[in-house]
Amino acid sequence: MSQDLDDNYKAAYSNRAGFGRRPALVLIDFAEAYFDPDCVLYAGVDAALQSALRIREVAHQMGVPVILTEVTYQRGGLNGGRFFEKAKPLASFVKGQKTAEFAKGLVPRDDEIVVSKQYPSAFFGTSLASTLTAMGIDNVVLTGLTTSGCVRASCVDSMSHGFITTVVRDACGDRHPAPHEANLFDMNAKYADVVSEADITAFFRSLGTEKAA
């Protein structure tokens with residue numbers, strides 16, 4: 001993209017949404033499939049997982065709710081619809097397969113919400129929006145896999161449901177750098193603020209400062 005096009009985009013899409021007053025952290029689909037070299041979905045995204053785990057720890061320290069999502073299908077993909085028909089690698093998420101389990105190092109805690117889904121968005125066909133609304137959440141912070149798929153779909157739906165939406169660049173991953181960067185660029189332009197791990201952890205820690213004041 002030329003500098004002229006960059007300037008053109010900035011002129012149209014340079015607004016920042018900022019953070020909310022009550023955030024929740026969502027870890028999208030950190031499944032073993034993306035970390036198993038023998039799986040067709042292997043993506044080499046260990047750095048994104050480690051970033052998400054560090055952010056998750058700070059979130060718990062500061063009392064920020066944490067939600068984990070998982071993709072899960074019945075045998076044969078009976079509940080997968082057209083998505084399962086089109087995207088053949090989704091067979092890796094059939095219930096009972098090791099590749100469908102949470103990635104090593106990510107064990108759901110008793111105080112975390114686990115959302116099971118069959119489609120790209122964490123919101124589509126799930127109770128996530130209602131749950132967040134009931135908790136008084138105004139800011140959804142997204143991490144996860146993959147940037148061009150389920151993270152993007154969740155980002156658009158989060159914004160569409162009325163949540164201030166934040167995407168953490170360091171804690172998202174994709175199997176190819178081009179769609180990863182393109183989708184971060186587009187989400188930042190239209191739907192969310194894309195921030196760094198340092199930015200989001202500083203924000204979470206500031207919540208404790210506000211409470212103390």
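**Exercises on a predicted protein chain**

In this predicted model, the protein chain exposes about 10500 Å², and carbon and sulfur atoms supply 52% of that area.

**Exercise 1.** Describe the fold of the protein chain from its secondary structure, and decide how its radius of gyration compares with the globule rule.

*Solution.* Begin with the inventory, which comes to 7 helices and 6 strands. Next, follow the sequence, along which these elements are arranged in the pattern α-β-α-β-α-β-α-β-α-β-α-β-α. The radius of gyration is 17 Å, close to the 17 Å that the globule rule gives for 213 residues, so the chain is as compact as a globular protein of that length. Finally, the C-alpha atoms fill a box of roughly 50 × 45 × 30 Å along the principal axes.

**Exercise 2.** Work out what share of the residues is buried, and what share of the contacts with a separation of 6 or more joins residues 24 or more positions apart.

*Solution.* Taking buried to mean under 20% relative accessible area, one finds that 46% of the 213 residues qualify. Turning to the contacts with a separation of 6 or more, residues 24 or more positions apart account for 78% of them.

**Exercise 3.** Examine helix α2 for its span, its buried residues and the residue just after it.

*Solution.* Helix α2 covers residues 46-61, and its 16 residues reach 23 Å from the first C-alpha to the last, close to the 22 Å expected at 1.5 Å a residue. Its buried residues include Ala48, Leu49, Ala52, Leu53, Ile55 and Arg56, as well as His60. Just after α2, Gly63 takes a positive phi of about 75°.

Technical notes: Residues numbered from 1 in each chain as written. Predicted model: local features only at pLDDT ≥ 70, side-chain atom pairs only at ≥ 80, totals over all residues. Heavy atoms only, no water. Helix = DSSP H or I, 4+ residues; strand = E, 2+ residues; numbered from the N terminus. Rg over C-alpha atoms; globule rule 2.2 N^0.38 Å. Buried < 20%, exposed > 50% of the residue type's maximum accessible area, 1.4 Å probe, protein only. Contact = heavy atoms within 4.5 Å. Areas by Shrake-Rupley, 256 points an atom, 1.4 Å probe, with all protein chains shown as cover. Expected span 1.5 Å × (residues − 1).
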